[in-house]
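Please keep the sequence and the coordinates open while reading.

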Amino acid sequence: MPVSALSVIKSDSPEKWQVILSDLITDPKELLQILELDPPTEEISESTLKQFPLRAPRPYVARIEKGNWKDPLLRQLWPSYLEDQSPPDYSIDPLIESLSNPVPGLLHKYSGRVLLTPTAQCAIHCRYCFRRHFDYQLNTPSRSGWNGALNYIRQDHSIVEVIYSGGDPLAAADRHLAWLTKQIAQISHVKILRIHTRLPLLIPQRVNQTLVDWLTRTRLKVVLVLHVNHPKELDQQVISAINTLDANGITILNQSVILKDVNDNSRILAELSQALFSINVLPYYLHTLDKVLGVAHFDLREKEALRIIDELQKILPGYLVPRLVREVPGMESKTTLA
Ligand SMILES: *Cc1c(COP(=O)(O)O)cnc(C)c1O
Ligand code: SF4
């Protein structure tokens with residue numbers, strides 16, 4: 001395993017996450033060469049490539065099986081021509097998040113919780129991402145630009161939890177995150193900081209001492225929600241990054257999206273829950289796909305998702321079965337389907 005990982009890491013110092021993050025694979029040709037898939041079996045979508053470019057971190061690509069178009073990790077990042085489809089019920093902002101965006105950088109949809117977007121950047125472009133058309137220009141304020149969001153939280157005493165969401169919040173510099181967290185920790189009614197991130201599994205080197213320092217020094221209770229979709233996303237380096245977070249007392253949950261031809265299978269999802277549990281990560285949500293333009297080829301019928309959950313319930317103890325949820329615009333929480 002380390003041999004293939006090294007072979008795709010071009011940078012001189014593979015231990016520095018910033019170097020790896022600045023050296024993503026963005027050229028489809030390079031990706032295909034590394035994966036020995038040249039010429040491609042599945043054409044690229046030139047139009048979506050401009051709007052939502054290819055981004056693939058090398059440590060993640062190292063886990064993709066060479067020569068295999070059906071690899072579940074490759075499916076998640078390949079900008080396929082299938083993205084050009086536009087079925088009638090798909091749109092740019094299916095969740096109507098623009099209505100819950102009272103100040104730049106902050107979304108307030110659910111009672112007691114607000115979501116902040118500390119950075120527009122991601123270490124990968126997940127092709128199924130529901131924020132692929134989100135206006136990050138407007139929603140990633142500079143330092144002084146955060147005053148609006150911080151004042152909003154100060155004034156609303158019902159807010160007990162602040163959630164860092166994406167982009168991928170851990171793509172931001174620790175200096176910035178530590179600063180923002182300190183501002184939030186000074187607001188006494190906020191008790192919990194939740195971080196939704198894929199970085200520890202994309203670039204496990206991200207979990208370093210600097211990160212652990214600010215995560216463990218804040219008075220806030222920290223909850224980390226990973227987005228692992230497939231057990232193959234967990235290699236030894238990822239596991240040791242997660243072990244580090246766990247050893248430092250951070251509660252870690254996982255959410256996945258159920259995706260056609262990636263993880264729409266009870267055996268794979270059971271294996272994922274078991275692999276996560278063995279490293280102290282509990283399954284939280286299994287999201288159905290949000291109908292954003294460009295993702296229709298990942299969709300599966302709700303009936304099919306329910307059948308898979310039903311099978312999972314027969315294989316796993318209840319605490320290892322994620323809650324199947326859908327996001328319905330205007331609802332005061334996610335809607336549980338099973
Ligand atoms: C999912 C979500 C939350 C958190 O919801 P939980 O059910 O507490 O996980 C908060 N804000 C937004 C905008 C969300 O989409
Ligand atoms: S990391 Fe999250 S925000 Fe970024 S592309 Fe993937 S799903 Fe979207």
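In strand β2, L115 is the bridge partner of L107. The model is a predicted one, in which local features need pLDDT of at least 70, side-chain atom pairs count only at pLDDT 80 or more, and totals for chains, interfaces and linings use all residues. Residues are numbered from 1 along each chain as its sequence is written, chains are lettered from A and ligands numbered from 1 in the order in which they are written, and side-chain values use heavy atoms, with hydrogens and water left out.

**The sheet**

Strands β1 and β2 run antiparallel and are joined by 3 bridges. They form a hairpin with 2 residues between them, and G112 in that turn has a positive phi of about 85°. Strands here are DSSP runs of E of at least two residues, helices are runs of H or I of at least four residues, and both are numbered from the N terminus. Two strands count as paired if DSSP finds at least two bridges between them.

Y164 has I195 of β4 as its bridge partner.

**Ligand 1**

Around ligand 1 are K109, Y110, R113, L115, I163, R194, Y284, Y285, E327 and K334; a residue is listed if one of its heavy atoms lies within 4 Å of the molecule. By class, this shell has 5 nonpolar, no polar and 5 charged residues. Ala, Val, Leu, Ile, Met, Phe, Trp, Tyr, Cys and Pro count as nonpolar, Asp, Glu, Lys and Arg as charged, and the others, Gly among them, as polar.

| Side chain | Distance to an oxygen atom of ligand 1 |
|---|---|
| R113 | 2.6 Å |
| Y285 | 2.6 Å |
| E327 | 3.4 Å |

Taken alone, ligand 1 exposes 380 Å², and the protein buries 92% of that; accessible areas come from the Shrake-Rupley method with a 1.4 Å probe. The elements that give two or more residues to the shell around ligand 1 are β1 (106-110), β2 (113-116) and β7 (282-287).

**Ligand 2**

Which residues are around ligand 2? They are C122, I124, C126, C129, G167 and R198. This shell divides into 4 nonpolar, 1 polar and 1 charged.

**The loop between α3 and α4**

P39 lies in the loop between α3 (28-34) and α4 (46-51), and a cis peptide bond with omega of about 0° joins D38 and P39. E36 lies in the loop between α3 and α4 as well. Phi of E36 is near 55°, a positive value in a residue other than glycine. Most residues other than glycine have a negative phi, and most peptide bonds are trans.

Key:
Polar contact = N/O pair within 3.5 Å; in protein donor to acceptor, adjacent residues only side chain to side chain.
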